[in-house]
Amino acid sequence: DLTGIESMDQCRHTLEQHNWNIEAAVQDRLNEQEGVPSVFNPPPLRQLQVNTADHRIYSYVVSRPQPRASYLTGLLGWGYYFIMLPFRFTYYTLLDIFRFAMRFIRPDPRSRVTDPVGDIISFIHMFEEKYGRIHPVFYQGTYSQALNDAKRELRFLLVYLHGDDHQDTDEFCRNTLCAPEVITLINTRMLFWACSTNKPEGYRVSQALRENTYPFLAVIMLKDRRMTVVGRLEGLIQADDLINQLMFIMDANQTYLVSERLEREERNQTQVLRQQQDEAYLASLRADQEKERKRKEERERKKKKEEEVQQQKLAEERRRQTLQEEKERRSECLPPEPHPDDPESVKIIFKLPNDSRVERRFHFTQSLTVIHDFLFSLKESPEKFQIEANFPRRVLPCLPTEEWPNPPTLQEAGLSHTEVLFVQDLTDD
């Protein structure tokens, strides 16, 4: 409340610089705000600080040197301090209330990130126009993308927050950040992401990293499977000092990257081995499935063949049964055999394909169909046959055809009282 410093980290840092002497810290801070020289000895230049809030984060803060104050200046400073104390207290209290109210009335436009990549490209163009094109390679992507790439590639990520209005920014960018040895180190050892805190993307990262002063650099890496800030460099730092601090941070944390790289390789090997085992299992499974499919097809083929054979047998049995029924029907329909003394009777001797002989009498007036029906009704006769006469050799038209729609009688066919007819088997045809 006395100094108007909102950050607890910055308050702690100021107290540590003054050996936890609250009066000295308050006086020195107010002198800085009013432009009055400090009445206490400033800390040595480039003093190394270790963040006590988290010992895993390496913090390096560079404070601006201030001239030594005389005894008279100190008395005047203390007198001015006590006179202005009530006014300062009232002023900063009202200012805090006003800022708190303005957050609801008019939010900070930087809090809305609409085009993070555009913010990065705009900053790079501004940086090159002001400081030239010789600089470390900027990561042209969002902060989240830079984190993901650093995590995937197991590299250090150097984050630079550019304070446009800070008095040390120009000197740092021209003399330190654009120094050839700094450029070589950054380009070969780490990814480099930078943005202005006046841009929404830079402001968002600033809120996350909570820098105390500018220039501000943070070293981020994958540590314990999380992207972790392992180093913070704040204040105007020279090129050689920056290189030393970055090398120190990287050397101190290189083992984590090596360990993570080994674990990742082991996980990759395990994954590859598991994938190979899965592929072998799938290949074996597919081979077993293929064998089972072939066995199933073979069983289905045999079953189908057996069913076809069974169907053929049933069809053959039905055909034979139908044929037998037809033989019996035609046998029953045959006219009675004429008496041997009947002058109109014809004695016919049939020679069957199996060399057996069958003899029967028919009437001259009967159709040749009767002869065919008689032979068809015999058990020894083939299913299909034709009847041939020998003198002259001819086939008797026993069944209706286009030439003989109504088969002739025995007399019309020219048969004598005694005939020998031959039965020709046509079943194979």
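Tutor: Start with pairing: two strands pair if DSSP finds at least two bridges between them. Helices (H or I, at least four residues) and strands (E, at least two) are DSSP runs, numbered from the N terminus. This is a predicted model, so local features need pLDDT of at least 70, side-chain atom pairs count only at pLDDT 80 or more, and totals for chains, interfaces and linings use all residues. Residues are numbered from 1 along each chain as its sequence is written, and side-chain values use heavy atoms, with hydrogens and water left out.

Student: How many bridges join β7 to β11, and do they run parallel or antiparallel?

Tutor: There are 5 bridges, and β7 and β11 run parallel. In this pair, Ile348 stands opposite Glu419 in β11.

Student: What is the sense of the pairing between β7 and β8?

Tutor: Antiparallel, over 7 bridges, with β7 spanning residues 345-351. Lys347 is opposite Arg361 in β8. The hairpin of β7 and β8 has 5 residues between the strands, and there Asp355 takes a positive phi near 70 degrees.

Student: What is the strand order of the open sheet?

Tutor: The sheet has 5 strands in the order β8-β7-β11-β9-β10, and its pairing is mixed. At the edges are β8 (357-363) and β10 (394-395), each pairing on one side only.

Student: Now helices. At what angle do α9 and α10 cross?

Tutor: Axes are lines fitted to C-alpha atoms, for helices over the stretch in contact, and angles run from 0 to 180 degrees between N-to-C directions. The axes of α9 (residues 239-333) and α10 (residues 368-377) come within 8 Å and cross at roughly 135 degrees. That makes α9 oblique to α10. The cut-offs are: under 35 degrees roughly parallel, over 145 roughly antiparallel, 65 to 115 roughly perpendicular, the rest oblique.

Student: Which residues make the contact between α9 and α10?

Tutor: Contact means heavy atoms within 4.5 Å. From α9 come Leu323, Glu326, Lys327, Arg330 and Ser331; from α10 come His372, Asp373, Phe376 and Ser377. Helix α10 also lies across β7, β8, β9 (385-389) and β11 (418-425), running at about 125 degrees to β9.

Student: Which residues does Leu257 touch beyond its sequence neighbours?

Tutor: Leu257 is in helix α9 and counts as buried at 2% relative accessibility. Setting aside neighbours within four places in sequence, Leu257 contacts Leu154, Phe156, Met221 and Leu222. Leu257 and Asp224 lie 33 residues apart in sequence and 9.6 Å apart in space, C-alpha to C-alpha.

Student: Is Ile243 buried or exposed?

Tutor: Ile243 is buried, with a relative accessible area of 17%. This α9 residue has contacts with Glu181, Val182 and Leu185, leaving aside neighbours within four places in sequence.

Student: Where is Gln366?

Tutor: Gln366 is in the loop between β8 and α10. Gln366 is buried, with a relative accessible area of 13%. Excluding neighbours within four places in sequence, Gln366 is in contact with Pro335, Pro336, Thr409 and Leu410.

How values were computed: Buried < 20%, exposed > 50% of the residue type's maximum accessible area, 1.4 Å probe, protein only.
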